[in-house]
Amino acid sequence: MFKEFLIVGAGSFMGGGLRYITSRLCALYLHWLTFPTGTFIVNILGCLLIGLLSGLQCTQHALSDTTKLLLVTGFCGGFTTFSTFMNENTTLVKDGNITTMALYTALSVVVGFVCVILGNYISKQI
């Protein structure tokens, strides 16, 4: 179990680091948007990636248990963030941006779902 713990931790480290870089770049280049673009982008990309990886596993059994732990549980788990998503929604509400919060939530759920399906579709084409 300790080996698996380290594998998930390594994936989480890389995913969390990439999430941080992505969020910082979005804040730097998209600062004029009131929409939380950094979290939105990482969550959508994470949905696409997890759809692709789970599709590869289901259709081609292409991922070993270790690779699944590293990429799906570790990397995707560290890269995406539900808690930050919820915190940003809370902040939007506190700041009176109810419309932005509703749009952020709806787009995150709908686009995220579509990206998981798209990732699964892409994996079947490979």
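**Entry 1**

For burial I used relative accessible area: buried is under 20%, exposed is over 50%, and partly exposed lies in between, with a 1.4 Å probe and protein chains only.

**Entry 2: the model and its conventions**

I recorded that the model is predicted, that local features need pLDDT of at least 70 and side-chain atom pairs pLDDT 80 or more, and that totals for chains, interfaces and linings use all residues. Residues are numbered from 1 along each chain as its sequence is written, and side-chain values use heavy atoms, without hydrogens and water.

**Entry 3: the whole chain**

I counted 5 helices and 0 strands in the chain; helices (H or I, at least four residues) and strands (E, at least two) are DSSP runs, numbered from the N terminus. The order from the N terminus is α-α-α-α-α. The C-alpha trace spans about 45 × 35 × 25 Å along its principal axes. Of the 126 residues in the chain, 30% are buried. I also checked contacts, meaning heavy atoms within 4.5 Å. Among those with a separation of 6 or more, 75% join residues 24 or more positions apart.

**Entry 4: F40 and S108**

Which residues does F40 contact, leaving aside its neighbours within four places in sequence? I found F35, Y104, L107, S108 and V111. I then turned to S108, which is found in α5. Its relative accessible area is 14%, so S108 is buried. Not counting residues up to four places away in sequence, S108 touches F40, I44 and F85.

**Entry 5: α4 against α5**

I compared the axes of α4 and α5, which come within 8 Å and cross at roughly 160 degrees. Axes here are lines fitted to C-alpha atoms, for helices over the stretch in contact, with angles from 0 to 180 degrees between N-to-C directions. The two helices are therefore roughly antiparallel, a label for angles over 145 degrees. On the α4 side the contact uses F85, E88, N89, L92 and V93, and on the α5 side I98, T100, M101, Y104, T105 and S108. By class, I have 6 nonpolar, 4 polar and 1 charged residues in this contact. Ala, Val, Leu, Ile, Met, Phe, Trp, Tyr, Cys and Pro count as nonpolar, Asp, Glu, Lys and Arg as charged, and the others, Gly among them, as polar.

**Entry 6: α2 against α3**

I found that the axes of α2 and α3 (residues 65-79) come within 9 Å and cross at roughly 165 degrees. That angle makes α2 roughly antiparallel to α3. From α2, the residues V42, L45, G46, L49, I50, L53 and Q57 meet K68, L71, V72, F75, C76 and F79 of α3. This contact divides into 10 nonpolar, 2 polar and 1 charged residues.

**Entry 7: F82**

Is F82 buried or exposed? Its relative accessibility is 60%, so F82 counts as exposed. F82 lies in α4 (residues 82-94). Its C-alpha atom is separated by 8.2 Å from that of N43, 39 residues apart along the chain.

Note on methods. Parallel < 35°, antiparallel > 145°, perpendicular 65-115°, else oblique.
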